[in-house]
Amino acid sequence: MTAAADARSRPAKPRPSLAVPLGIVSFLVITWLAVSREFGIGLDVGELIGNLTRIEGLLWRVSTDQADRGLLNPNWPFLPQTAEPMLETLQMAVIASAIGCGLALPIAFFVSRVTTPNAGVFNAGRSVLSVIRAIPDILYALIFIAALGVGPLPGILALIFFNVGVVVKLLSETVDGVDVGPIEAGRASGASRAQTVRWAVMPQVLPNYVAYSLYVFELNIRASTVLGIVGAGGIGRILYREYSLFHWSNLSVVIVEVFVFVILIEFVSIWLRRRLV
Amino acid sequence: MTVASPRTSRPTRPSHAKRNLGVLFVVLLIGWSLVSIDIRYERLVDFPRGLWLVIYKMYFEHGPDLGYLGISLEFMLDSIWIAWIGTIIGAIFSLPIGFIAAKNVSSGLIANAMRQFLNAIRAFPELVLAVAIFVPIAGLGPVAGALAIGVHSIGTLGKLTAEVIEGIDSGPVEAVRAAGGRWAQIQRWGVLPQVLPDVVAFWLYRFEINVRAAAILGIVGAGGIGFIIEQTIRFGRFPRAGTALLVVILATIVVDTGSGWVRRRIIEGAEKKAVAAEVFERIDVAGQPV
C-alpha cells in the first residue's frame with residue numbers, strides 16, 4: 001500500500017486532453033479562412049473603421065425633405081401610413097399561430113414513440129419534419145410567392161410550415177416524456193388508442209402545448225415583421241420600400257414601431273405564460 | 001371547524017370564469033384576424049397546384065441545374081463564413097456583458113439595466129439591422145451581414161450567458177473571496193470555469209442558428225446564398241433555385257450535425273449542465289433566436 005506514503009503528495013495531474021488544442025487550432029484556421037479576402041468575406045477592420053464615418057450621415061443627416069433626414073430624426077407624420085401594414089403583421093401572426101399550432105397538435109401524436117408504437121410511421125414523420133425545419137421561413141415565403149403571387153397569404157402559409165415544424169418537434173418530445181401510468185390505466189379499462197391519447201396524454205401535455213403556442217406566436221410576430229421584404233405582406237413591405245428610397249427618417253419610424261410592437265407582444269406573452277404554466 | 005360538514009358532499013368546482021374569458025378573447029382575436037385581413041381565400045384553392053408546379057419546375061421538369069452547384073456552394077460558404085464571424089463578434093462582446101448582466105456577480109441595478117439593453121438588441125431582427133444600419137455603413141456585401149448577425153447575437157448570447165452565471169454554485173466564489181481574491185479574480189477563478197462549458201455550447205448553438213439567418217441575409221444584399229435564391233426565383237430560373245435550395249438544406253443539416261456533436265461533447269464534461277440542457281431542449285430546433 002502506497003496510499004499512506006503518498007497521502008500528502010499531490011494527486012497526479014490528468015493527462016492533458018488533445019481535444020482542446022485541436023479545437024483552438026481549428027478555430028483559428030476557420031476564422032482566418034472566414035476573414036480572408038481570397039477564401040472568405042474579406043473583413044478588413046481598418047476599412048470598416050474608416051467607413052464608420054458614414055454613421056454621422058446615417059443618423060443625423062439634415063435635409064429640407066422630411067423623409068430624407070437621418071435615422072435619429074424620425075418623420076412622425078409618416079406613422080399613420082404604417083398603421084395598416086402593422087395591423088396586417090399582427091393578423092398574419094395570429095392566423096398563422098392558430099392554424100399552425102392547431103395542425104401541430106394531432107401531428108405531434110403521430111411522431112411520438114409513446115402514442116405511435118409503429119416505428120415506420122414514427123421515423124418517417126421525424127425525417128420529414130427535420131427537412132421542413134431546415135428551410136427558413138423567408139425561403140418558404142419566396143417559394144410560395146412564386147406559386148401564389150405576392151400578398152399576406154403566402155406569408156401566412158410560410159409561417160404555418162415553419163410553426164408546424166417547431167411545435168411538432170417540441171410537443172412530440174414532451175409526449176415522449178409523459179407519465180405512462182394514466183395510459184396503462186386507460187388501456188386496462190378498455191380504452192382505444194384515440195381515447196388514451198385524449199384522456200391520458202392530452203391532459204398531461206396541455207400546459208406545455210399552450211406555452212409552446214405562445215412561444216411560437218412570439219416567433220411569428222418577429223418573423224412577420226420581415227416577411228414583407230420579399231413581398232409576403234406586413235410591415236416589412238414598407239420597411240423595404242423606404243430603405244430602397246433612402247428615406248431614412250421614414251425608415252426610422254417603422255423601426256421604432258417594430259421595436260415597440262415586438263417588446264409589447266413579448267411582455268404580454270411572458271405575463272400570460274407565467275399565469276398559465 | 002368545518003369537520004362537521006358531511007363527508008359525502010363534493011368539493012365545489014373551481015371557477016373557470018377567467019380561463020373561459022381568456023379562451024373567448026383568443027377566439028375573438030383569431031376570428032377578427034381571419035375576417036379583417038385583406039386576403040382572397042379562394043386563392044388557397046390554387047395553392048397545392050401552384051406549389052407543385054414550382055417544385056416540378058425546380059426538380060422534375062429538367063432536374064435541378066447541377067451546373068449551378070459550384071456557384072451555389074460558393075455562396076453557401078459565404079453564408080457560413082458570415083455566421084462564423086457574426087458568432088465570434090457576438091461571443092467576444094456577450095461574455096463580459098453577461099457578467100455585468102448577471103445579478104449575483106454584478107450589482108442589481110446595473111444588471112437590470114444591462115438586461116433591458118440586451119432585450120432591446122434582441123428585438124431587432126437581423127434583416128432589419130442589416131437594412132437600417134449595416135448595409136448603409138459597410139456597403140452591400142457579406143461584411144454588413146456579419147455585423148448584423150454579430151450585433152443580434154450579442155443580445156441573445158448575453159442573455160443566455162447571464163442566465164448561466166446566475167445558476168452557478170456559490171462555493172467556489174466564496175472560496176476565492178476567502179482567499180483574498182479581488183472582483184476580477186473571483187470572476188476568473190470562481191465563476192468562469194463553472195460557466196465556460198455551457199457558454200461555449202451556447203456559442204456553437206448560436207452558430208447553428210446564425211447559419212440559417214445568414215442563408216437569407218442575401219435577400220437584402222447583405223451577402224450569402226439568399227441573394228441567388230431570391231434572384232433565381234424572381235427571374236423564373238427554377239432549376240437553379242432548386243439546386244441552391246438543396247444546398248441550403250444539406251448545408252444546414254451538415255452544420256447542425258457537426259456543431260451539435262461538438263456541443264454535446266463539451267457539455268458532457270460539465271458538472272452543471274442543467275441550464276444549457278434545458279434551454280437546448282426548449283429551443284434546439286426552433287432554428288430561431290430566442
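Let's take H10(A): how many of its nine residues are buried?

Tutor: Happy to! Bear in mind that this is a predicted model, in which local features need pLDDT of at least 70 and side-chain atom pairs count only at pLDDT 80 or more, while totals for chains, interfaces and linings use all residues. Residues are numbered from 1 along each chain as its sequence is written, chains are lettered from A, and ligands are numbered from 1, in the order in which they are written.

Seven of the nine residues of H10(A) are buried, so the helix is mostly covered. Buried here means that 20 or more other C-beta atoms lie within 10 Å of a residue's own; 12 or fewer make it exposed, anything in between partly exposed, and C-beta atoms are placed from the backbone. Helices (H or I, at least four residues) and strands (E, at least two) are DSSP runs, numbered from the N terminus. The buried set of H10(A) consists of Gly236(A), Arg237(A), Ile238(A), Leu239(A), Tyr240(A), Glu242(A) and Tyr243(A). Their cover comes from both chains: it includes helix H4 (79-110), helix H9 (193-227) and H11 of chain A, together with helix H5 (126-138) of chain B.

Now step past the end of H10(A). Leu245(A) sits in the loop between helix H10 (236-244) and helix H11 (248-276) of chain A. With 12 C-beta neighbours inside 10 Å, Leu245(A) counts as exposed. Between Leu245(A) and Lys13(A) there are 232 residues in sequence and 64 Å in space, C-alpha to C-alpha. The loop also holds Phe246(A), which is exposed, with 12 other C-beta atoms within 10 Å. Its backbone deserves a glance: Phe246(A) has a positive phi of about 60° although it is not a glycine. For context, most residues other than glycine have a negative phi.

Buried in H5(A) are Leu129(A), Arg133(A) and Ala134(A). Seen down the axis of H5(A), these fall within an arc of 135°, so they line one face of the helix; the arc is that of the directions from the helix axis to the C-beta atoms. The face turned away from the buried side carries the exposed residues Gly120(A), Val121(A), Ser127(A) and Val131(A).

The contact takes 52 residues from chain A and 52 residues from chain B, where two residues are in contact if their C-beta atoms, placed from the backbone, lie within 7 Å. On the side of chain A that touches chain B, helix H6 (residues 137-148) of chain A gives the largest share, eight residues. That side divides into 42 nonpolar, five polar and five charged residues, with Ala, Val, Leu, Ile, Met, Phe, Trp, Tyr, Cys and Pro taken as nonpolar, Asp, Glu, Lys and Arg as charged, and the others, Gly among them, as polar.

Zooming out, chain A has eleven helices and zero strands. Its radius of gyration is 27 Å, well over the 19 Å that the globule rule gives for 277 residues, so chain A is more spread out than a compact globule. That radius is taken over C-alpha atoms, and the rule is 2.2 Å times the number of residues to the power 0.38. Along its principal axes the C-alpha trace of chain A spans about 80 × 70 × 40 Å, and 41% of the 277 residues count as buried.

Chain B likewise has eleven helices and zero strands, and 46% of its 290 residues count as buried. One of its buried loop residues is Ile225(B), which has 30 other C-beta atoms within 10 Å and lies between H8 and helix H9 (226-234) of chain B.
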